[in-house]
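Subject: Structure for your files, with notes

Hello,

Here is the structure I said I would pass on. My notes on what was found in it follow below.

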Amino acid sequence: MYTLYWDRGGANMATHALLEELDVEYQLVEIDLSRQMQKTPEYLAINPNGKVPTLFHNDNIIYESAAILLYLLDQHPESSLSPMTTSPLRGRYYQSLLWMSNTLQEAANRWAHPEQYCDNDAGQKSLKLHASKELKRCWDVIENDLDKAGPWILADSLSGADFHLFMIAYWSRRYESRAQDYPKLQQLLKNLLKRNSIQTMLKQEGLSFEL
């Protein structure tokens, strides 16, 4: 049994969808950020960063979206959603997940939450401008890679990296620079939207994604 501590439409979307994709037993424990539930002593005892998601499994506590995804798929190698450790694609798999987590997602956070980085209006406006430019650069990188070897991040192989990308692309629908405005990226997102796991995740979280 997996327990996912989550907030609707947040950084848990990839893990939530993967739990559905794997068809494993899990439960959701909602942490309502609007009510500051992530700052309660009870939750901080689980995740001292006061953020979601957090995964609990077999007495293990794992946080950080990319780490949770890596852990979850390592528990289910039969899913073929992560390359074998001996596969030449394993390095690209690690690279893609960590790049999306540390570079693409960081730019998304700066655009969506400039107040976390700067406490004045002028500085926040500048942060959002630079974040939009960085997001465009990142989408360009992904679009170029998909054009060379798509339709998935790992060419012909659907992987956890695609689910992580879907999550950030979903956030970007309200950004100045959006994933869905790139043809190859849009097709990847359309392909994912056909999967029952993505549709179930969106329904359970009360979300929709129109392309």
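In helix H3, the buried residues are Ser-65, Ala-66, Ile-68, Leu-69, Leu-70, Tyr-71, Leu-72 and Leu-73. Please keep in mind that this is a predicted model. Eight of the ten residues of H3 are buried, so the helix is mostly covered, where buried means under 20% relative accessible area. The elements that these buried residues pack against are strand E1 (2-6), helix H1 (13-22), strand E3 (54-57), strand E4 (60-63), helix H4 (90-112) and helix H6.

Helix pairs

H3 covers residues 65-74 and H6 covers residues 160-171; their axes come within 10 Å and cross at roughly 150 degrees. Angles over 145 degrees count as roughly antiparallel, and H3 and H6 are therefore roughly antiparallel to each other. Their crossing is right-handed. On the H3 side the contact is made by Ser-65, Ala-66, Leu-69 and Leu-73, and on the H6 side by Gly-160, His-164 and Met-167. Sorted by class, the residues of this contact are four nonpolar, three polar and no charged.

H4 contributes Tyr-93, Ser-96, Leu-97, Met-100, Ser-101, Leu-104, Gln-105, Ala-108 and Asn-109 to the contact, while H6 contributes Gly-160, Ala-161, His-164, Leu-165, Met-167, Ile-168 and Trp-171. The class count for the contact of H4 with H6 is ten nonpolar, six polar and no charged residues.

From H6, the residues Asp-162, Phe-163, Leu-165, Phe-166 and Ala-169 meet Leu-185, Leu-188, Leu-189, Leu-192 and Leu-193 of H7. The contact of H6 with H7 has nine nonpolar residues, no polar ones and one charged.

Two buried residues

Ile-198 sits in helix H8 (residues 196-205). Its relative accessibility is 0%, so Ile-198 counts as buried. Apart from neighbours within four places in sequence, Ile-198 is in contact with Ala-17, Phe-163, Phe-166, Leu-192 and Leu-193. Ile-198 and Met-13 are 185 residues apart along the chain, and their C-alpha atoms are separated by 8.9 Å.

His-76 is in the loop between H3 and H4. With a relative accessible area of 13%, His-76 is buried. Not counting residues up to four places away in sequence, His-76 touches Tyr-2, Leu-22 and Val-24.

Cysteines

How many disulfides does the structure hold? The number is zero. Cys-118 is buried at a relative accessible area of 18%, and Cys-138 is buried too, at 0% relative accessibility.

Backbone points to check by eye

Most residues other than glycine have a negative phi, and most peptide bonds are trans. The residues below depart from that pattern.

- The peptide bond from Val-52 to Pro-53 is cis, with omega near 5 degrees. Pro-53 is in the loop between helix H2 (41-44) and E3.
- Gly-150 and Pro-151 are joined by a cis peptide bond, with omega about 5 degrees. Pro-151 is in the loop between helix H5 (121-149) and H6.
- Asp-23 is not a glycine, yet its phi is positive, at about 55 degrees. Asp-23 is in the loop between H1 and strand E2 (26-30), and at 71% relative accessibility Asp-23 counts as exposed.
- Ser-80 also has a positive phi, near 65 degrees. Ser-80 lies in the loop between H3 and H4 and is exposed, with a relative accessible area of 54%.

Regards

Methods: Residues are numbered from 1 along each chain as its sequence is written. This is a predicted model: local features need pLDDT of at least 70, side-chain atom pairs count only at pLDDT 80 or more; totals for chains, interfaces and linings use all residues. Side-chain values use heavy atoms; hydrogens and water are left out. Axes are lines fitted to C-alpha atoms, for helices over the stretch in contact, and angles run from 0 to 180 degrees between N-to-C directions. Helices (H or I, at least four residues) and strands (E, at least two) are DSSP runs, numbered from the N terminus. Angles under 35 degrees count as roughly parallel, over 145 as roughly antiparallel, 65 to 115 as roughly perpendicular and the rest as oblique. A crossing is left-handed if the near helix is turned anticlockwise from the far one by less than a right angle, and right-handed if clockwise. Contact means heavy atoms within 4.5 Å. Ala, Val, Leu, Ile, Met, Phe, Trp, Tyr, Cys and Pro count as nonpolar, Asp, Glu, Lys and Arg as charged, and the others, Gly among them, as polar. A disulfide is a pair of cysteine sulfur atoms within 2.5 Å. Buried means under 20% relative accessible area, exposed over 50%, partly exposed in between (1.4 Å probe, protein chains only).
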